[in-house]
Amino acid sequence: MLKQRDKNIDIAKGLGIFLVVWGHTSATPEWISAFHMPLFFFLSGIFFRPNPNWCQFLKSKSRRLLVPYIIYFYMCNIFDGILHMLRDQPFDWSDRLLQFWAPRAMAGPLWFLLALFWMLCLSNLLWQLAKSKWIIGVGCILLCLIGWHETHTNHYHGLFLTHALIEIPFFFLGHLLHNINSNRTKTSLYVTLKDTIPCYMLLLIGGVIY
């Protein structure tokens, strides 16, 4: 029997997509631009399942996240290089291809995939090392503080690792909310709002700080 699709998740994703588009317009409140990415990582955390088999875990996540990112990255750079050649403009192929390893690589909107990959790896490691959700939560906060410090001292790590560190608490909140709801025999609108509203308040606060 197929699992019924959760329409609440689809609505939240649609809201996130709308906020991303709105966030890239010129006349946008700053807090909206900061909020939509924590929302996406929060939703990703809902679907996270720890896997002690690291070979299987890395193979699955690499195929779903790294491969699309790499293909997109090189396609964009090759296309950009061709445009420069047609316009008789200089283009450093070696430097552009090496931007893949740069802190601010030319990734366009798919930087999210790379940050999510690191977040999944870090979360899976935390779940293997610590069984207590409190310890895992503290670990996520410490990682976020490290990322926040690196960002505000302009020490960006390559491959968007810094972004993953900053956003990992929101990922953990999504996973925690999923566990709370899955352990209930019956859910209601009240318990859903009671669990969701504090999470979204933290998302808003974190988005403004970020």
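Helices (H or I, at least four residues) and strands (E, at least two) are taken here as DSSP runs, numbered from the N terminus. The structure described is a predicted model, in which local features need pLDDT of at least 70 and side-chain atom pairs count only at pLDDT 80 or more, while totals for chains, interfaces and linings use all residues. Residues are numbered from 1 along each chain as its sequence is written, and side-chain values use heavy atoms, with hydrogens and water left out.

The chain contains eight helices and zero strands, so that, in the terms of the DSSP runs defined above, its elements read α-α-α-α-α-α-α-α from the N terminus on. Of its 210 residues, 40% count as buried, where buried means under 20% relative accessible area, exposed means over 50%, and partly exposed lies in between (1.4 Å probe, protein chains only). With contact meaning heavy atoms within 4.5 Å, residues 24 or more positions apart account for 73% of the contacts in the chain that have a separation of 6 or more.

The interior was examined through nonpolar cores, a core being a set of buried Ala, Val, Leu, Ile, Met, Phe, Trp, Tyr and Cys residues joined through side-chain atoms within 4.5 Å. The largest nonpolar core has 30 residues, of which Phe41, Phe112, Leu116, Leu120 and Ile136 touch the most other members. At least two residues of this core are supplied by each of H2, H3, H5, helix H6 (133-152) and H7, and the greatest contribution, 12 residues, is that of H5. Apart from this core lies another, of 10 residues, among them Ala12, Phe42, Leu43 and Leu177. Leucine 116 is in contact with Phe41, Ser44, Leu65 and Phe171, when its neighbours within four places in sequence are left aside.

Helix H5 has 19 residues and reaches 28 Å from its first C-alpha to its last, close to the 27 Å expected at 1.5 Å a residue, the expected span of a helix being 1.5 Å times one less than its number of residues. Because 14 of the 19 residues of H5 are buried, this helix is largely enclosed by the rest of the structure.

Aromatic rings were also compared in pairs: rings of Phe, Tyr and Trp (its six-membered ring) pair if their centres lie within 6.5 Å, and planes under 30 degrees apart count as stacked, over 60 as edge-to-face and the rest as tilted. By this rule the count comes to 11 aromatic pairs. One of them is the tilted pair of phenylalanine 41 and phenylalanine 112, with 4.8 Å centre to centre and 35° between the planes. Phenylalanine 41 lies in helix H2 (residues 30-46) and phenylalanine 112 in helix H5 (residues 111-129), so this pair ties together parts that are 71 residues apart in sequence. Both phenylalanine 41 and phenylalanine 112 are buried. A tilted pair is also formed by tryptophan 127 and phenylalanine 172, at 5.9 Å centre to centre and with 50° between the planes. Since tryptophan 127 lies in helix H5 and phenylalanine 172 in helix H7 (residues 161-182), the pair ties together parts that are 45 residues apart in sequence. Tryptophan 127 is buried, with a relative accessible area of 13%, and phenylalanine 172 likewise counts as buried, at 9% relative accessibility.

Helix H3 has 33 residues and reaches 46 Å from its first C-alpha to its last, close to the 48 Å expected at 1.5 Å a residue. H3 bends by about 45° at serine 62, the bend at a residue being the angle between axes fitted to the seven residues ending there and the seven starting there. Its buried residues are Phe57, Ser60, Leu65, Tyr69, Phe73, Asn77, Asp80, Gly81 and His84, and what covers them includes helix H4 (93-97) and H5.

Asparagine 51 lies in the loop between H2 and helix H3 (54-86) and counts as buried at 19% relative accessibility. A polar atom of the side chain of asparagine 51 lies 3.0 Å from the backbone nitrogen of asparagine 53. Aspartate 88 is found in the loop between H3 and H4, where it takes a positive phi of about 60° although it is not a glycine, and it is exposed, with a relative accessible area of 70%.

Note on methods:
A polar contact is a pair of N or O atoms within 3.5 Å; within protein, one must be able to donate a hydrogen and the other to accept it, and residues adjacent in sequence count only if both atoms are side-chain atoms.
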